[in-house]
Amino acid sequence: MGAAALLLLSPDTMRQRLLPYLLSYATGTLLGAAFLGMLPKALEKTPPLAITGTVLAGIVAFFVLEKLIVWRHCHDQDCEVHGHEGGTLILLGDSFHNFVDGVVIAAAFLTSPTLGIATALAVIAHEIPQELGDFAILLNSGLSKTRAIFYNLISSLTTLPGVLMGWYWLDEARHAIPFVLAISAASFIYIAVADLVPGLHRQSGAGAVASQTLLILAGIGTIAFFRFVH
C-alpha cells in the first residue's frame, strides 16, 4: 500500500505524531462500515436474530483468536507480544488478517459496488496504522528497516488470494453473504472497540479529545457519503 510504504520510510518522530490521527480516522471508518453498510445489507433478507447472533458469536471468536495471538492488532511497542518472537507472530497474524480482509471486500462488492468501495476504504484506513504498528514490532524483534518493509509487503499480498477466493466462492454461495457480512461487521467492531479505542484513551486533554472525536466523525462521514450519497 503506497501511503503505508511512505509512512514506513518516514522519520520515527513523524510516524509517532501521525499515528493517533490515523487511529482516530480508522476507528470511524470501521464503525461506519459495520453499522451503516454491512449490517443493514445483511439484515435485508435474513432474520434479524440470525444476523445479530452471528455478530455476537463473531466478537467472542475474535476475542479468543486474539488471546491465542492469531489475530493481533497491536500499535504499541510495549505490547505483550513484542520481543524476538513477536515478529514471527505478528507476520502470521497479519497475513491471516489480510487474507480475511480480502474475503470481506469480495463479499461487500458482491452485495453492491457502493458497499464494496466503503468497505475497501475502511480496510485501507485501518491497514495504514496497523502496518505502522507491525513495522515497530518487526524492528523491535531485530530486523532491519529494509527487511521489515519487505516482510510487511509480503504479508499484505495475502489480501489478493482472499479477494479471489471470496469472489468465486461467494458468487456460487450467495446465501452465505449476509453471514459473511455479519462476521465482517463483528471484526470491524471488535478491532475498533478493543484495539483502536484503548490506544486513543492514552491521550488526554481537551485538544486530543476534540481532534479524536472530529476524526472519528470524519471517518463515519466518509462511509456515510459512499453508502448514502455516492
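Modeller: Contact here means heavy atoms within 4.5 Å. This is a predicted model, where local features need pLDDT of at least 70 and side-chain atom pairs count only at pLDDT 80 or more, while totals for chains, interfaces and linings use all residues. Residues are numbered from 1 along each chain as its sequence is written, and side-chain values use heavy atoms, with hydrogens and water left out.

Biologist: Fine, let's start with Thr29. Which residues is Thr29 in contact with, leaving aside its neighbours within four places in sequence?

Modeller: Thr29 has Ala122, Ala125, Gly219, Ile220 and Ile223 as its contacts once those neighbours are set aside. Thr29 itself belongs to helix H2, residues 12–42.

Biologist: And why does Thr29 count as buried?

Modeller: Buried means under 20% relative accessible area, exposed over 50%, and partly exposed in between, using a 1.4 Å probe and protein chains only. Thr29 has 0% relative accessibility, so it counts as buried.

Biologist: What makes Val103 buried, then?

Modeller: The value for Val103 is 17% relative accessibility, so Val103 counts as buried too. You'll find Val103 in helix H4, residues 86–111. Beyond four places in sequence, Val103 is in contact with Gly162, Val163, Gly166, Leu170 and Val180. Val103 and Leu164 are 61 residues apart in sequence, yet their C-alphas are 7.7 Å apart in space.

Biologist: What about Ala34, where is that found?

Modeller: Ala34 is in helix H2. At 0% relative accessibility, it counts as buried. Not counting residues up to four places away, Ala34 touches Leu39, Pro40, Ala185, Phe188 and Ile189. From Ala34 to Ala182 there are 148 residues in sequence but 8.4 Å between C-alphas.

Biologist: How do you know which stretches to call helices, and how many does the protein chain have?

Modeller: Helices are DSSP runs of H or I with at least four residues, strands are runs of E with at least two, and both are numbered from the N terminus. On that basis the protein chain has nine helices and zero strands. Along the sequence, the pattern reads α-α-α-α-α-α-α-α-α.

Biologist: What classes of residue does the contact of H3 with H8 have?

Modeller: From H3, the residues involved include Val55, Gly58, Ile59 and Phe62, and those from H8 include Ala182, Ile183 and Ala186. By class, the contact has 13 nonpolar, three polar and two charged residues. Nonpolar covers Ala, Val, Leu, Ile, Met, Phe, Trp, Tyr, Cys and Pro; charged covers Asp, Glu, Lys and Arg; the others, Gly among them, are polar.

Biologist: Which residues does Ala186 touch, not counting residues up to four places away in sequence?

Modeller: Ala186 touches Val55, Gly58, Ile59 and Phe62. Ala186 sits in helix H8, and with 0% relative accessibility it counts as buried.

Biologist: How much of the protein chain do buried residues make up?

Modeller: They make up 46% of its 230 residues.
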